[in-house]
Amino acid sequence: MRSITSKLPQVGTTIFTVMSALASEHKAINLSQGFPDFSCDPELVRRVNHYMRKGFNQYAPMPGVLALREQIAALVKEKYGATYDPVEEITVTSGATEALFCAITALIGEGDEVLIVEPAYDSYIPAINLNGGVPVSIGMTFPDYRIDWDHVKKLINGRTKAIILNSPHNPTGATLSQDDLEQLEKIISSNNIYVISDEVYEHIIFDEQRHESVARYPSLAERAFVISSFGKTLHATGWKMGYCLAPEALTKEFRKIHQFVTFSTSSPFQYAVADYMRDYPEKISELPAFYQQKRDFFLQEMQGSRFEPLSSAGTYFQLMRYEGITDENDLEFAQRLTIEHGVAAIPVSVFYRFKTDNKVLRFCFAKEEKTLKAAAAILKKV
Ligand SMILES: Cc1ncc(COP(=O)(O)O)c(C=O)c1O
């Protein structure tokens, strides 16, 4: 048999799978992979059941159930003052991952350069590579994880096609400010580049900050794909539901890809989420306080430990420096922490192409208080 020439020769098993498997093998508390260890609202489950029983079990419309797209349009209008036409400019996808893949595929061709901010979520580079694009890294500053826009300007050339942003940012918990977005506006106005804005943690933002969605900035929004995830917003990562906002011309190209990747997203889930957003609008507004309380609880429990927390302004991740504990590299330390101490975390170097090791681990605090308490009790003794 002829062998397959791998399109992604560099890609192996992701660290998330590796660490979760290690955590389960050693019965460790798993703060590595980013998902809640508590249930989503039972009402949401009841509504999915309701639609399944009522027979909503066939293909949904390709762009998504209209009632859901209307709810998304209303939410985006209310939160960001932005108007997106639910018919022509909003597409429901099978998770943000699918939306990211479709946006990158719609935009990027052979030799196009794409700016990505490192540390970077792991799906961007493979999607760029599959399309023949060239990822170009913008390293965030350390330890405050900001973007140096003067440096970004220097990286732009005639081949630069797009920039991928992510705020609130995984893995660092950093958020983009109004000033960041204004700087980006200036750069975009003199360069013909597109924006892919990964905003899956848009509703998980702390300390009274306002989420600076690209959708708020008309000069950016007119050339942007803005992507979000119901997995994060509804504590239902396993449902793999997301969406993409983009002006009509961009959405048209986006949907050409979407219809041949998945065609459409599971129907009963879409009807259920549409109902839920209509009937419980307060649930989304409660998210910042809900997760801020978890962040603060975890930090409180960690007081007195030799781990040094960095700032987490959004997402459900908390970074911790560990220089005071060991000079092992972050991968070795994360593995030893799991095997010997029984707490699993993610080494932040895996989010860098060249494995930059600042001796930082990422802990997910989307967990019940008893899980966080037990983990912190162990970590304090390390
Ligand atoms: C930054 C970021 N983007 C995208 C995704 C993928 O979202 P989804 O599960 O909806 O595909 C995640 C999930 O962890 C993420 O952290």
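**Entry 1: the ligand**

I started at the ligand, where an oxygen atom lies 2.7 Å from an N or O atom in the side chain of lysine 232. I note at once that this is a predicted model. Next I checked lysine 240. An N or O atom of its side chain is 2.6 Å from an oxygen atom of the ligand. Then I turned to a nitrogen atom of the ligand. I found a polar side-chain atom of aspartate 198 at 2.6 Å from it.

Which residues come closest to the ligand? I listed Thr97, Asp198, Ser229, Lys232 and Lys240. In total, 13 residues surround the ligand.

**Entry 2: the two domains**

I looked up the domain assignment. Domain 1 is in two pieces, 15–40 and 285–379. Domain 2 covers 56–280. How far apart are the C-alpha centres of the two domains? I read 26 Å between them. I then looked at who takes part in the contact: 31 residues of domain 1 and 34 residues of domain 2.

Next came the buried area. The two domains bury about 2,800 Å² between them. Carbon and sulfur atoms hold 60% of that area.

I searched the interface of domain 1 and domain 2 for salt bridges and found one. I also looked up a salt bridge between aspartate 207 and arginine 295. Their closest N and O atoms are 3.0 Å apart. For polar contacts across the interface, I noted 14 residue pairs.

Which elements of domain 1 each supply at least two residues to the side that touches domain 2? I wrote down α13 (287–301), β10 (317–321) and β13 (360–364). The largest share comes from α13, with six residues.

I went back to aspartate 207 and looked up its place. Aspartate 207 sits in the loop between β6 and α8. Its phi is positive, about 55°, although aspartate 207 is not a glycine. I noted the background too: most residues other than glycine have a negative phi.

**Entry 3: arginine 216**

I stayed with the loop between β6 (194–198) and α8 (218–221), where arginine 216 is also placed. Which residues does arginine 216 contact, leaving aside its neighbours within four places in sequence? I found Lys79, Tyr80, Arg210 and His211. I also checked arginine 216 against glutamine 178. The two are 38 residues apart in sequence. In space, they are 9.9 Å apart, C-alpha to C-alpha.

I counted salt bridges by the rule and got 21. I picked out the one between aspartate 112 and lysine 161. Its closest N and O atoms are 3.4 Å apart. What does this pair tie together? Aspartate 112 lies in the loop between α4 (95–107) and β3 (113–118), and lysine 161 lies in strand β5 (residues 160–166), so the pair ties together parts that are 49 residues apart in sequence.

**Entry 4: two cis peptide bonds**

Last, I looked up two peptide bonds. The bond from glutamate 118 to proline 119 is cis, with omega near 10°. I placed proline 119 in the loop between β3 and α5 (124–130). The bond from asparagine 170 to proline 171 is also cis, and its omega is near 15°. I placed proline 171 in the loop between β5 and α7 (178–190).

Methods:
Residues numbered from 1 in each chain as written. Predicted model: local features only at pLDDT ≥ 70, side-chain atom pairs only at ≥ 80, totals over all residues. Heavy atoms only, no water. Domains from an automatic or database assignment. Contact = heavy atoms within 4.5 Å. Buried area = accessible area lost by both parts, 1.4 Å probe. Salt bridge = Lys/Arg side-chain N within 4 Å of Asp/Glu carboxyl O. Polar contact = N/O pair within 3.5 Å; in protein donor to acceptor, adjacent residues only side chain to side chain. Helix = DSSP H or I, 4+ residues; strand = E, 2+ residues; numbered from the N terminus. Near = heavy atom within 4 Å.
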